[in-house]
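Have a look at the fold first, then follow along below.

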Amino acid sequence: MAEMTMIERVARKLFERVAGMDWEAVPQGLRDAVNADMRAMIAEMRVPTEAMIRAGRDCGDWTGRDIDYADELKVWNAMIDAALAEVPTREPPAPHESPRV
């Protein structure tokens, strides 16, 4: 069996957590739609937050040496960990909505 792509891994995990269904039982058309949504969400991560940038920069001393795969992995993990640690901000309600408590 071929390795799942990152898109497929994230789509499967989200669908199983949200819908509580076994991914293998999901019709292919719905799987394709969920995969497309995951692709859009992962693409949004192309622009890192300040916390992610700091985490990548601060996870090692990168001056005066070549960066290898282990270093790249360390930066990637630090940046993803920073994204996972961020607390969601609450946007103010639209003018036509009442505030939620």
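Predicted model: local features only at pLDDT ≥ 70, side-chain atom pairs only at ≥ 80, totals over all residues.

Residues are numbered from 1 along each chain as its sequence is written, and side-chain values use heavy atoms, with hydrogens and water left out.

Of the 101 residues in the protein, 17% are buried, meaning under 20% relative accessible area with a 1.4 Å probe and protein chains only.

As for the fold, you're looking at four helices and zero strands, so the pattern along the sequence reads α-α-α-α (helices are DSSP runs of H or I with at least four residues, strands are E runs of at least two, numbered from the N terminus). Take the contacts (heavy atoms within 4.5 Å) between residues at least 6 apart in sequence: 42% of them join residues at least 24 apart.Now for the largest pocket, which has a volume of about 610 Å³. A pocket here is an open set of points on a 1 Å grid over the protein atoms alone, where a 1.4 Å probe fits, with protein on both sides within 12 Å along at least five of seven lines; lining residues have an atom within 4 Å of a point. The volume is the space filled by probe spheres set on the points, which are joined across faces, edges and corners. Of its 16 lining residues, Met-6, Ile-42, Met-45, Trp-76 and Ile-80 are the closest to the centre. Helices H1 (6–19), H2 (28–43) and H4 (69–85) each supply at least two residues of this lining, with the largest share, five residues, coming from H4. By type, the lining has 14 nonpolar residues, no polar ones and two charged (nonpolar: Ala, Val, Leu, Ile, Met, Phe, Trp, Tyr, Cys and Pro; charged: Asp, Glu, Lys and Arg; polar: the others, Gly among them).

Technical notes
Buried < 20%, exposed > 50% of the residue type's maximum accessible area, 1.4 Å probe, protein only.
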